[in-house]
Amino acid sequence: MIKNTNSSLSQRELAPVKATEGSMQNIRQTISSNFSQKYLIETNRDCNFDFRFVHDKPNTLSNISILILASGHAHITANATIAIENSAPGTNAWLEIKVITRDQAIVTAAPNLEIKNDSVKAGHALSTKRISEEQLFYLMSRGLDRASAEQLVLDALAEPYRKEGIKLA
């Protein structure tokens, strides 16, 4: 489990966590000041993730983005929740999960909001996609084989998460 109770910690201060096959990774964050974080899950193995971000102070801001790149025969479950306590009026929270699959991978993902205070702004989003055949065709017409073309597209999408995020798998 990753438990970060100091929202000023950066990626370099939190060690990457390697998920073992079929394991459940619990990521907990209490948000008492402004918090922005990217998480990258890139795997071809079965993994389960449960994220929980709790706002407990007033006028806090969070912007959380989770990118899941699944390949092979991976089965991945990712649940992410932002909870806003009654003690946190004025909170502004955003949670997004982006899922990109290839091969036979299956991802089940759910962003959730638990709001106990009416004086907040909160939202969430989930997007899913496969690498398009048009993208692959374009790259393959420039001399790349299919596997290299797929990897190039995935690398481009994951780069910001690799640079600024916490790699979980």
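This report walks through strands, a sheet and a helix in a predicted model.

Strand β6 spans residues 75-84. Most of this strand is covered: seven of its 10 residues are buried.

β6 pairs with strand β4, residues 47-55, through nine bridges. The two strands run parallel. Strands of a sheet pair through backbone hydrogen bonds, either parallel or antiparallel.

## A closer look at Val54

Val54 sits in strand β4. Is Val54 buried or exposed? Its relative accessibility is 18%, and the cut-off for buried is under 20%, so Val54 counts as buried.

Which residues does Val54 touch, beyond its neighbours within four places in sequence? They are Gln29, Thr30, Ile31, Ala83 and Glu85. Gln29 lies 25 residues away from Val54 along the chain. Yet the C-alpha atoms of Val54 and Gln29 are separated by 6.3 Å.

## The five-stranded sheet

Five strands form an open sheet. Their order is β9-β7-β5-β3-β10, and the pairing is parallel. β9 (121-130) and β10 (166-167) stand at the edges. Each has a single partner strand, so one side of each is left without a neighbour in the sheet.

Look at the β9 end. Strand β7, residues 92-101, is joined to β9 by 10 bridges. In this pair, Asn92 stands opposite Lys121 of β9.

## Helix α2

Helix α2 covers residues 146-164. It lies across β3 (35-43), β5 (61-70), β7 and β10. The helix runs at about 145 degrees to β3. At the start of α2, a side-chain oxygen of Asp145 comes to within 3.1 Å of the backbone nitrogen of Ala147.

The 19 residues of α2 reach 28 Å from the first C-alpha to the last. That is close to the 27 Å expected at 1.5 Å a residue. Where does α2 kink? A kink of about 50 degrees lies at Ala158, shortly before the proline Pro160.

The buried residues of α2 are Ala149, Glu150, Val153, Leu154, Ala158 and Tyr161. They pack against β3, β5, β7, α1 (133-140) and β10. An α-helix has 3.6 residues a turn, so residues three or four places apart point the same way.

Terms used. Residues are numbered from 1 along each chain as its sequence is written. This is a predicted model: local features need pLDDT of at least 70, side-chain atom pairs count only at pLDDT 80 or more; totals for chains, interfaces and linings use all residues. Side-chain values use heavy atoms; hydrogens and water are left out. Buried means under 20% relative accessible area, exposed over 50%, partly exposed in between (1.4 Å probe, protein chains only). Helices (H or I, at least four residues) and strands (E, at least two) are DSSP runs, numbered from the N terminus. Two strands pair if DSSP finds at least two bridges between them. Contact means heavy atoms within 4.5 Å. Axes are lines fitted to C-alpha atoms, for helices over the stretch in contact, and angles run from 0 to 180 degrees between N-to-C directions. The expected span of a helix is 1.5 Å times one less than its number of residues. The bend at a residue is the angle between axes fitted to the seven residues ending there and the seven starting there. A polar contact is a pair of N or O atoms within 3.5 Å; within protein, one must be able to donate a hydrogen and the other to accept it, and residues adjacent in sequence count only if both atoms are side-chain atoms.
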